[in-house]
Amino acid sequence: MNKDRRPQDSQSPIEALRVERTHLSQAEFAVYCGVPLRTYQRWVSGETEAKLTPRQWKAMMQLLQISADEIPNDFGSTEVESS
């Protein structure tokens, strides 16, 4: 399992929170939140929109020690792609 805790070339707010507030790799974080690693990676990259169950939201919020008000509106990259 990759123990690299740095953001994976991402400007994702959820990825930044994971790195800042936990000592978990992406794989470990995904397992604790109850989502497949690849799903988490797609959220971070902006490929897909995050759709979590209440249980997954609760696990993520507990791991990140955040309230509902602190949840990012989008998990994907905040970079604006130029055309």
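User: Why are Arg18 and Glu15 said to be separated by about one helical turn?

Analyst: In this predicted model, Arg18 and Glu15 are 3 residues apart in helix H1, which means that about one helical turn separates them.

User: What makes the pairing of Arg18 and Glu15 a salt bridge?

Analyst: The cut-off is 4 Å between a side-chain nitrogen of Lys or Arg and a carboxyl oxygen of Asp or Glu. For Arg18 and Glu15 the N to O distance is 2.6 Å, so the pair meets the rule. Side chains of opposite charge can pair when their charged atoms come close. Both Arg18 and Glu15 are buried.

User: How many salt bridges does this rule give, and which residues form the others?

Analyst: The count comes to 3 salt bridges. Arg21 and Glu20 meet at 3.6 Å, N to O, and Glu47 pairs with Arg38, with the closest N and O atoms 3.3 Å apart. Each of these distances is within 4 Å, so each pair qualifies.

User: Why is Glu20 called exposed, and why is Arg21 called partly exposed?

Analyst: Exposed means over 50% relative accessible area, and partly exposed lies between that value and 20%. Glu20 has 59%, so Glu20 is exposed. Arg21 has 32%, so Arg21 counts as partly exposed. Arg38, at 39% relative accessibility, also counts as partly exposed.

User: How do you know that H2 and H3 are roughly perpendicular to each other?

Analyst: Angles of 65 to 115 degrees count as roughly perpendicular. H2 and H3 pack at an angle of about 105 degrees, and they are therefore roughly perpendicular. Their axes are 8 Å apart.

User: Which residues meet where H2 and H3 pack, and what is their class?

Analyst: From H2, Gln26, Ala27, Phe29 and Ala30 meet Leu37, Tyr40 and Gln41 of H3. By class, this contact has 5 nonpolar, 2 polar and no charged residues.

User: What makes a set of residues a nonpolar core, and which residues have the most contacts inside the largest one?

Analyst: Its members must be buried residues of the nonpolar kinds listed for a core, joined through side-chain atoms within 4.5 Å. The largest such core here has 16 residues, and those with the most contacts inside it are Ile14, Phe29, Tyr40, Trp43, Met60, Leu64 and Phe75. Helices H1 (13-21), H2 (26-33), H3 (37-45) and H4 (54-64) each give two or more residues to this core.

User: Which residues is Met60 in contact with, leaving aside its neighbours within four places in sequence?

Analyst: Beyond those neighbours, Met60 is in contact with Ile14, Phe29, Cys33, Trp43, Leu52 and Phe75.

Terms used
Residues are numbered from 1 along each chain as its sequence is written. This is a predicted model: local features need pLDDT of at least 70, side-chain atom pairs count only at pLDDT 80 or more; totals for chains, interfaces and linings use all residues. Side-chain values use heavy atoms; hydrogens and water are left out. Buried means under 20% relative accessible area, exposed over 50%, partly exposed in between (1.4 Å probe, protein chains only). Helices (H or I, at least four residues) and strands (E, at least two) are DSSP runs, numbered from the N terminus. Contact means heavy atoms within 4.5 Å. Axes are lines fitted to C-alpha atoms, for helices over the stretch in contact, and angles run from 0 to 180 degrees between N-to-C directions. Angles under 35 degrees count as roughly parallel, over 145 as roughly antiparallel, 65 to 115 as roughly perpendicular and the rest as oblique. Ala, Val, Leu, Ile, Met, Phe, Trp, Tyr, Cys and Pro count as nonpolar, Asp, Glu, Lys and Arg as charged, and the others, Gly among them, as polar.
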